[in-house]
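Here are some notes to read alongside the model. Please keep the viewer open as you go through the points.

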Amino acid sequence: MFKKIILTLFSGLIFTEVTMAQTKYGVGSYNTEEVAAEMEYIEKHIRPLNPKPTKRIFITGSSAGIGELTAKMLLAKGYEVVAHARDAKRAADVKRDLPEIKHVVIGDLAKPDEVDKIADQVNALGRFDVIIHNAGVYRGENIFQINLLAPYVLTAKITQPQTLIYVSSNMHNGGELRLDAFNAGNVGYSDSKLQLLTLAKSLAVRWSKVRVNAMHPGWVGTKMSGGSAPDPLRQAYETLVWLAEGTDPAAQTSGGYFFNKQPDSHYRRDSEDSAQQAVLWQALEKITGVKLPE
């Protein structure tokens, strides 16, 4: 009987240790083991810059995956970062994962009224130097709203920063702008990422005082990809950090499309067509009722 009790306690201890290991950084819930490993890499290897950087950076979708890793690395370097989570539970997870963070903006990008509240919360914190529109979904009925309408509205309503960065996807090459029938019912993931890239390209022309770029992370090992992917996760979030810092001459340009800290020429050239950009803007203004400032 005594032996059985000991074995039970020992088994329970092992189970508890495994559970704790699996749940660190949300492994098995909102993050993969690869993301957790990168979070630990940042903790061990990234140190504050000297002198301390002064840029203020806001990142959407920063409660998991690439967005959270980008926030983690920027915080480790000493930048002031404001994260975003869709609800209070996820905000608590962010604060646990990123103990250095001071503010987490809360709002569900799938709900237009909450997108407005996100913009209000960000503006209440003052002007930001960099805004990274990272949030996105791969499937589901909210692709159009989360991947395109939300970043458009936030771009329009948040005070203009010095730098805007949009996370697109190389899958945009298989998408369509669908400007003739622009609605949530027929917009897939690839379409939304082409539309987002077109928005970024047009902003780079229209807002000449703002540095606007897009990037694609590749197929990396986050929850969105299912946890198994061939492209290097570290290169993905380091590219966002690299664009946010903007110290490299290549990152000081505007209107670019980047992959692994390099300009990527494999993008749809119709995203740069001024006539199609104008139609996109008109459609977005009509659907959202929000007009982008000049």
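Where does α6 bend, and which proline follows within four residues?

1. The bend in α6 is about 35° and falls at L149, with P151 as the proline that follows. A bend here is the angle between axes fitted to the seven residues ending at a position and the seven starting there. Helices (H or I, at least four residues) and strands (E, at least two) are DSSP runs, numbered from the N terminus.

2. A word on the basis of all this: the model is predicted, local features need pLDDT of at least 70, side-chain atom pairs count only at pLDDT 80 or more, and totals for chains, interfaces and linings use all residues. Residues are numbered from 1 along each chain as its sequence is written, and side-chain values use heavy atoms, with hydrogens and water left out.

3. Back to α6: its end C-alpha atoms are 21 Å apart, which agrees with the 21 Å that its 15 residues should span at 1.5 Å a residue; the expected span is 1.5 Å times one less than the number of residues. Since 14 of the 15 residues are buried, α6 is largely enclosed by the rest of the structure. Buried means under 20% relative accessible area, exposed over 50%, and partly exposed in between (1.4 Å probe, protein chains only).

4. The largest nonpolar core has 42 residues, and F58, L109, L199, L203, V212 and L292 touch the most other members. Such a core is a set of buried Ala, Val, Leu, Ile, Met, Phe, Trp, Tyr and Cys residues joined through side-chain atoms within 4.5 Å. The most, 9 residues, come from α6. Leaving aside neighbours within four places in sequence, V212 is in contact (heavy atoms within 4.5 Å) with residues including L164, Y166, A200 and L203. A second, separate core has 41 residues, among them I66, I101, V104 and L240.

5. Now the sheet. Its 8 strands form an open sheet in the order β3-β2-β1-β4-β5-β6-β7-β8, with mixed pairing. At the edges, β3 (103-106) and β8 (262-263) each have a single partner strand, so one side of each lacks a neighbour in the sheet. Strands β1 (residues 56-59) and β2 (residues 80-85) pair in the parallel sense over 3 bridges; two strands pair if DSSP finds at least two bridges between them. The bridge partner of R56 in β2 is E80.

6. E238 is buried, with a relative accessible area of 16%. Not counting residues up to four places away in sequence, E238 touches M73 and K261.
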